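Biologist: I have the sequence and the coordinates open side by side. Could you walk me through them while I ask as we go?

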Amino acid sequence: MTAAAPICTIVPPYVLDRLAEAGHEPAAHSLALDAAHRTARLSPAPPVAAVPPVAATPGLDRVVYDAGHGQRLPGRSVRGEGAPASSDRSVNQAYDGLGATFALYADVFGRHSIDDRNLRLDASVHYGRNYDNAFWNGHQMVFGDGDNVVFGDFTACVDVIGHELTHGVTQFTAGLDYQDQPGALNESVSDVFGSLVKQYALRQGAADADWLIGAGLLAPGVQGVALRSMKAPGTAYDDPQLGKDPQPAHMRDYVNTTRDNGGVHINSGIPNHAFYLLATALGGSSWERAGRIWYDALTGGALPADADFTAFARATVAAAGARYPDDRSVADTVTASWAQVGISPT
């Protein structure tokens with residue numbers, strides 16, 4: 001496993017920054033925890049308590065732990081594979097979300113867990129107190145309960161779970177750098193497959209999906225529908241506390257910034273929108289053709305860790321040509337989808 005895998009959180013730091021500046025204590029506390037996680041990943045010492053050895057057994061294998069509102073991971077094991085449902089809703093939602101993510105990758109792409117070697121899927125719930133985030137730490141999923149003022153329980157959204165576990169898939173495949181355009185691609189790939197996890201679980205076609213990331217995560221009273229929108233980047237929320245969703249949908253609005261690792265959560269809106277345009281143009285189920293093309297590009301072995309948007313776009317066009325050699329229109333549609341967001345694969 002890649003020791004230098006980044007800590008990838010679902011809520012961008014700029015959102016928590018704004019809340020903290022307005023005096024929202026849970027956001028300030030969450031930012032401090034996230035900073036500590038990232039510092040720990042850069043130090044020689046292990047960032048968390050040692051996770052029990054993972055046996056590579058074929059098929060779905062899940063363990064959900066309860067961190068008990070503490071910060072020591074993984075916590076107490078509360079539900080293993082095949083065990084009956086818990087009385088704790090967060091435990092069951094995490095368990096089901098791990099299963100839904102495994103199902104997409106196994107059923108559609110023939111992938112054996114996120115590392116393709118039957119890695120057990122571990123997750124800890126009830127991390128910290130009022131912790132406003134969820135993350136993949138290179139080993140496992142970790143979920144906060146939210147503060148119930150701005151954010152609710154982070155286990156409630158299956159696309160959030162799919163998003164974070166896909167950071168693990170990227171870690172074991174292309175290993176995209178978590179900085180600038182490669183980092184925005186890293187985030188976008190997680191949004192793409194997070195959305196596909198939800199669509200596959202609901203058996204929704206591209207035309208029927210909401211294309212939102214984190215729908216239902218915002219607490220009642222917050223003016224917004226989700227953390228991000230792939231259909232219309234920049235429209236997910238517009239709230240006095242959160243501010244306005246800053247994601248661009250086109251390269252002409254690309255945000256140059258040193259914050260958030262060069263805007264990885266902001267500029268991911270551009271490749272996100274390209275995927276939405278492709279999936280809806282191809283029609284049918286997004287995971288069947290559009291998702292297969294993105295998966296082939298990510299896992300094909302030719303994508304460098306420092307790939308920018310143009311390099312990834314070229315990889316998807318090549319993947320479409322290789323996957324559908326008898327139907328040139330598919331690769332042409334991929335090219336056209338990227339062109340609509342200001343990126344020319346040619």
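Biologist: How far apart are the end C-alpha atoms of helix α10?

Modeller: This is a predicted model, and in it the end C-alpha atoms of α10 (residues 328-339) are 17 Å apart, which agrees with the 16 Å that its 12 residues should span at 1.5 Å a residue.

Biologist: Which residues of α10 are buried?

Modeller: Val330, Ala331, Thr333, Val334, Ser337 and Trp338 are the buried residues of α10. Seen down the helix axis, they fall within an arc of 155 degrees, so they line one face of α10.

Biologist: And what do the buried residues of α10 pack against?

Modeller: They pack against three helices, namely α7 (269-282), α8 (290-299) and α9 (309-323).

Biologist: Switching to the sheet, what is the order of its strands?

Modeller: The sheet is open and has 6 strands, which run in the order β1-β5-β6-β4-β2-β3 with mixed pairing. The edges are taken by β1 (8-9) and β3 (76-80), and each has a single partner strand, so one side of each is left without a neighbour in the sheet.

Biologist: Which helix packs on that sheet?

Modeller: Helix α4 (residues 158-172) does, touching β1, β4 (121-125), β5 and β6, and its direction makes about 20 degrees with that of β5. As for burial, 13 of the 15 residues of α4 are buried, so this helix is largely enclosed by the rest of the structure. From its first C-alpha to its last, α4 reaches 21 Å, close to the 21 Å expected at 1.5 Å a residue.

Biologist: In what sense do β5 and β6 pair, parallel or antiparallel?

Modeller: Strand β5 (residues 134-136) and strand β6 (residues 141-143) are antiparallel, with 3 bridges between them, and Trp136 stands opposite Met141 in β6. On its pairing with β4, β6 is parallel, over 2 bridges, and there Ser124 stands opposite Val142 in β6.

Biologist: How many of the residues of β4 are buried?

Modeller: The count is 5 of its 5 residues, and both faces of the strand are covered, with Leu121, Ala123 and Val125 on one side and Asp122 and Ser124 on the other.

Biologist: What about β2, how many of its residues are buried?

Modeller: For β2 (residues 62-66), 5 of its 5 residues are buried as well. Arg62, Val64 and Asp66 lie on one side and Val63 and Tyr65 on the other, and both of these faces are covered.

Biologist: Which bridge partners does Val64 have on its two sides?

Modeller: Val64 stands opposite Ala123 in β4, while in β3 its bridge partner is Arg79. The pairing of β2 with β4 is parallel over 5 bridges, whereas β2 and β3 run antiparallel and are joined by 4 bridges. Asp66 also has a bridge partner in β4, namely Val125.

Biologist: Let's talk cores. Which residues touch the most other members of the largest nonpolar core?

Modeller: Phe151 and Phe193 do, in a core of 92 residues. Helix α3 (residues 89-109) supplies the largest share of this core, with 10 residues. Leaving aside neighbours within four places in sequence, Phe193 is in contact with Leu104, Tyr105, Phe109, Thr166, Gly291, Trp294 and Tyr295. There is also a second, separate core of 8 residues, among them Tyr127, Tyr131, Phe135 and Val142.

Biologist: Is Ser188 buried or exposed?

Modeller: Ser188 is in helix α5 (residues 180-202) and counts as buried, at 2% relative accessibility. Beyond its neighbours within four places in sequence, Ser188 is in contact with Ser268, Pro271 and Asn272.

Methods:
Residues are numbered from 1 along each chain as its sequence is written. This is a predicted model: local features need pLDDT of at least 70, side-chain atom pairs count only at pLDDT 80 or more; totals for chains, interfaces and linings use all residues. Side-chain values use heavy atoms; hydrogens and water are left out. Two strands pair if DSSP finds at least two bridges between them. Contact means heavy atoms within 4.5 Å. Axes are lines fitted to C-alpha atoms, for helices over the stretch in contact, and angles run from 0 to 180 degrees between N-to-C directions. A nonpolar core is a set of buried Ala, Val, Leu, Ile, Met, Phe, Trp, Tyr and Cys residues joined through side-chain atoms within 4.5 Å. Buried means under 20% relative accessible area, exposed over 50%, partly exposed in between (1.4 Å probe, protein chains only). The expected span of a helix is 1.5 Å times one less than its number of residues. The arc is that of the directions from the helix axis to the C-beta atoms.
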